[in-house]
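This report describes how the chains of one predicted model meet one another. Please consult the sequence and structure shown here while reading.

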Amino acid sequence: MNVILAVLTRELRLALRSRMDWLLPLLFFVMVVMLFGLGARPNDPVLAGFAPSILWVGALLSMLLTLDRLFRADYEDGTLEQLCLAEAPLTLTVAAKLTAHWLLTGLPLVLLAAPLAVALQLPAAGQPALVLGLALGTPVLSFVGGFAAALTVALPRAGLLLPLLVLPLLAPVLIFGAGAVRAALGGLDAAAPLYFLAAVLVLCITLVPWAAAAALRNAFE
Amino acid sequence: MSSWTWFHRLASPPSFFRLADRLAPWLGWIALALLAYGWINGLFFAPEDYQQKDAYRIIYVHVPAAALSLSLYVGMAVAGFVALVWRMKLAESALIAIAPVGASFTALALVTGMLWGKPMWGAYWVWDARLTSELVLLFLYFGVIGLWQAFEDPRAAARACALLAVVGVINVPIVKYSVDWWNSLHQGSTILKMGKPSITAAMAWPLFASVIGSYLFAGYVILRRLQNELLQREAGTAWVRELMGKSRV
Amino acid sequence: MGGYGLYVWGSFGCGLAVLAWNALSPRLARRALMRQMTESE
């Protein structure tokens, strides 16, 4: 427990020091939505129909921007190697790091989603499903994205490889997340896709940290 | 303990290489025979379908390709799991041998799916669950291949790819069950239904032959690729040099 | 093919192409590998 708290506080403190790093994905999210709004006709009803996918894809891309940074800075200055050699189980440390990432990136996106949904004229019926879906889905983005970042941490030109690895893994989250909003808009029950997202979340929280830790150790062998 | 020595001996690169050399031709020729029977019958002798007329014949390419695309990914994930847990070099090389083969059949399934969809449903592509999941599967294969090529050390590359394959295997059941989860355009399961399959025997036999022939063919290809991987990884060792010496003579 | 010729033959053609690539690609790789290994002896 101490390990988790220690890592969490360290991450949050580091983030406070370089605030822009963590504000950028939020600004990016707002910008994406803004661009879609600008590109459409004023008060275009079609925009509301696209709002679920715009918001989900925007959230996904915003989180993607921060993934490379997740482990690379620690890898380059040697902290990561220390964490791997430390007494505390690496799985726990990684889980804490991924949770911190979600707190800094995912959670603000969830909070931003509701006002942005209003900006895109998403009917009120769809908003609870959107916010709940993102609340369940953004941690998955952090965890699975973090796993991909761990796989590529030692690679010099991981640049385009990271999205190629992450996006196929996250496709089901996107399908069910946007699907939940559309179900709610269509008057159907959004519970089924949301339960699926919850199941994926539980699976990820329990299994991904171990895989990510194994991927990190791989970088040092 | 002695009951496992055959397993360990098998997993040693030189003995597996020899086994593959003996097994591969059999797989190849039987596959060729089954595929020839399946496709020639399917194209010319199987009766016309009531609804789809002759267009249904694409089934003899599409269904084996789609089945293989999923099975090979699972095979790759199993190889990855074995490689991670037991650190078996053979499993690492198997993982890499399977990836391009699986990717090619996934692409074939997608292309034939589009060629079948256009005359039947009027559209080359729809963003329904099964088609989209198959496309995602293709990218998962590309991810494994891309990750492999990005590493310099083959052992580190294999371990990373093994992790990726095992984590990505979640996509496979989603593809399989998405037909049930969504009311999609894609035809429901007609062959693996409980009870009598709703396809006549004259159509079914060439289909079974095509599917089994494709699986045996994939086995043949993977064995050959696996042999190449072993040669490359063990270059300079005694058994490889001995092999090359024999081939030069 | 009842008017569906393009689609059916197209599919089988693609199938044949994939089979051919899968059969030939390892052969070519083996040849190149052997050449490379004998040269570096």
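In chain C, an unreviewed UniProt entry places the feature "transmembrane region" at residues 6-24; UniProt positions follow the numbering used here, feature names are shortened, and annotations may be inferred rather than shown by experiment. This span is 100% helix and 0% strand, and its end C-alpha atoms lie 26 Å apart. Chain C has one helix and zero strands, where helices (H or I, at least four residues) and strands (E, at least two) are DSSP runs numbered from the N terminus. Along the principal axes, the C-alpha atoms of chain C fill a box of roughly 60 × 10 × 5 Å. Of its 41 residues, 22% count as buried, that is, with 20 or more other C-beta atoms within 10 Å of their own, the C-beta atoms being placed from the backbone.

Residues are numbered from 1 along each chain as its sequence is written, and chains are lettered from A and ligands numbered from 1 in the order in which they are written. The model is predicted: local features need pLDDT of at least 70, side-chain atom pairs count only at pLDDT 80 or more, and totals for chains, interfaces and linings use all residues.

Two residues are in contact if their C-beta atoms, placed from the backbone, lie within 7 Å. Among the two pairs of chains that touch, the most contacts are between chains B and C. Chains A and C do not touch, and their nearest C-alpha atoms are 24 Å apart.

The contact of chain B with chain C takes 30 residues from chain B and 22 residues from chain C. On the chain B side, helices H2 (13-45), H3 (59-86), H4 (89-121), H8 (201-233) and H9 (238-248) of chain B each give two or more residues. H4(B) gives the most, with 10 residues.

The two sides divide by class as follows, with Ala, Val, Leu, Ile, Met, Phe, Trp, Tyr, Cys and Pro counted as nonpolar, Asp, Glu, Lys and Arg as charged, and the others, Gly among them, as polar.

| Side | Residues by class |
|---|---|
| Chain B, touching chain C | 17 nonpolar, six polar, seven charged residues |
| Chain A, touching chain B | 13 nonpolar, one polar, one charged residues |

The contact of chain A with chain B takes 15 residues from chain A and 17 residues from chain B. The largest share of the chain A side, seven residues, comes from H7(A).

Key. A residue is buried if 20 or more other C-beta atoms lie within 10 Å of its own, exposed if 12 or fewer, and partly exposed in between; C-beta atoms are placed from the backbone.
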